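Got your viewer open and a way to select residues by number? Good, let's take a walk through this one together, stop by stop.

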Amino acid sequence: MKIALLGYGKMGKMIEGIALDRNHEIVLKIDENNTHELTIENLRKADVAIEFSTPHTVLDNIYKCIESKTPLVVGTTGWYGHLQQVKDACVEANSSVMYGSNFSVGVNIFFQISKMAAKMMNNFSDQYDVCMEEIHHIHKLDSPSGTAITIAEDILEEFKEKRQWVDVNAENSDDVTLHKPENLIINSFREGEVPGTHVVLYDSDVDRIELKHVAHGRQGFALGAVLAAEWLPGKAGFYSVKEMYDFKV
Ligand SMILES: NC(=O)C1=CN([C@@H]2O[C@H](COP(=O)(O)OP(=O)(O)OC[C@H]3O[C@@H](n4cnc5c(N)ncnc54)[C@H](OP(=O)(O)O)[C@@H]3O)[C@@H](O)[C@H]2O)C=CC1
Ligand SMILES: O=C(O)C1=N[C@H](C(=O)O)C[C@H](O)C1
């Protein structure tokens, strides 16, 4: 397949390596310095585009791909407030977009485990409280992580004591008003070069249950994005990575 890489940073470079190993060809690489090359004409030379740029640039890139009808895999996080508009634009144009807060198979298994646990724990919400932690490298621009938001929204669907998630980070950690029983607290930490760690904690007076996913590097995210780029072409519509993995449980 001919692949366009929109964003050629830590993820874009790792995706390039995996795509070449799987006999794909990279026909376009866009970073901050050559955005003028991101034209409809150039996008149409690709069978699929993979977007790992920044929360500030992702929306323009998505809309360009929708306009050119280039199937697009979006890994960039920090834009989910615009999800419905993007979905509507994609469907109206009969284009193909898949987004995912995390493309690794391990995290997608973790999503399922966490959702199942939340459903069980909902029967014991008089005894257990739930909170989350996410730890990432200091270069990360968004907080909480997209992965943490996906986990939190799954928990909110099942664990009825919680009404909304709230991000507690270096900037607002002194604000005690955030700690209300109905708030699902996500504690976001930025440390060194941590690739991505997510924890769900259920705590009672007598014990604690911890569910934890630790990424050892970015390889799993990058392979998942290439698998998505192989899966998407020919499928018009707006998809989430959960539809690609479609685990049978
Ligand atoms: N869904 C998932 O599985 C994963 C998602 N992510 C997310 O992916 C995103 C990228 O992560 P990462 O690669 O680590 O970040 P980096 O900061 O390493 O890379 C970002 C890249 O985007 C480039 N860029 C800047 N402006 C534009 C633009 N207008 N168009 C295209 N590219 C542009 C930058 O260019 P320059 O180098 O010139 O500054 C850089 O190459 C983040 O949002 C992160 O949260 C990360 C890992 C996994
Ligand atoms: O910025 C990162 O690095 C990562 N971002 C994604 C997220 O926000 O969840 C996925 C992964 O955790 C790494």
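Is Gly75 buried or exposed, and how many other C-beta atoms lie within 10 Å? Select Gly75 and look around: it is buried, because 27 other C-beta atoms are within 10 Å. Here "buried" means 20 or more other C-beta atoms within 10 Å of the residue's own, "exposed" means 12 or fewer, and "partly exposed" is in between, with C-beta atoms placed from the backbone.

Before moving on, keep in mind that this is a predicted model, where local features need pLDDT of at least 70, side-chain atom pairs count only at pLDDT 80 or more, and totals for chains, interfaces and linings use all residues. Residues are numbered from 1 along each chain as its sequence is written, while chains are lettered from A and ligands numbered from 1 in the order in which they are written.

**Stop 1**

Helices (H or I, at least four residues) and strands (E, at least two) are DSSP runs, numbered from the N terminus. Leaving out residues up to four places away in sequence, Gly75 touches Met11, Glu51, Phe52, Gly100, Phe103 and Ala225. "Touching", or being in contact, means that two C-beta atoms, placed from the backbone, lie within 7 Å.

Now select Thr76, in the loop between β4 and α4. Thr76 is buried, since 24 other C-beta atoms lie within 10 Å. Its contacts, again not counting residues up to four places away in sequence, are Gly7, Glu51, Phe52, Ser53, Thr54, Pro55 and Val58.

With 25 other C-beta atoms within 10 Å, Thr77 counts as buried. Beyond residues up to four places away in sequence, Thr77 touches Pro55, Ser101, Asp142, Ser145 and Gly146.

What does UniProt list as "binding site"? Its unreviewed entry gives Asp31, Gly75, Thr76, Thr77, Gly100, Ser101, Asn102 and Phe103. UniProt positions use the numbering used here, feature names are shortened, and annotations may be inferred rather than shown by experiment.

**Stop 2: the two ligands**

Show ligand 1. 28 residues surround it, and the closest are Gly9, Met11, Asp31, Glu32 and Thr57. A residue is near a molecule if its C-beta atom, placed from the backbone, lies within 6 Å of it. Colour helix α1 (residues 10–21), which gives the most to this shell, with three residues. The shell around ligand 1 divides into eight nonpolar, 16 polar and four charged residues. For that count, Ala, Val, Leu, Ile, Met, Phe, Trp, Tyr, Cys and Pro are nonpolar, Asp, Glu, Lys and Arg are charged, and the others, Gly among them, are polar.

Next, ligand 2. Select Thr77, Ser101, Asn102, His136, Lys140, Ser145, Gly146, Thr147, Gly196 and Phe221, the residues around ligand 2. This shell has one nonpolar, eight polar and one charged residue.

**Stop 3: two domains**

Colour domain 1 (2–102 + 219–245) and domain 2 (105–214) separately; these bounds come from an automatic or database domain assignment. The shell around ligand 2 draws at least three residues from each of them. Their centres, taken over C-alpha atoms, are 27 Å apart. Where they meet, 12 residues of domain 1 are in contact with 11 residues of domain 2. On the domain 1 side, α7 and α8 (241–245) each supply at least two residues, and the largest share, three residues, comes from α8.

Zoom in on α7 (residues 219–231). Its buried residues include Phe221, Ala222, Gly224 and Ala225.

**Stop 4**

Which peptide bond is cis, with omega near 0°? Go to Ser143 and Pro144: the bond from Ser143 to Pro144 is the one. Pro144 is in the loop between β6 (129–136) and α6 (146–158).

Last, pick Lys69, which has a positive phi of about 60° although it is not a glycine. Lys69 is partly exposed, because it has 16 C-beta neighbours inside 10 Å. Asn94 has a positive phi of about 60° although it is not a glycine, but Asn94 counts as exposed, with 10 C-beta neighbours inside 10 Å.
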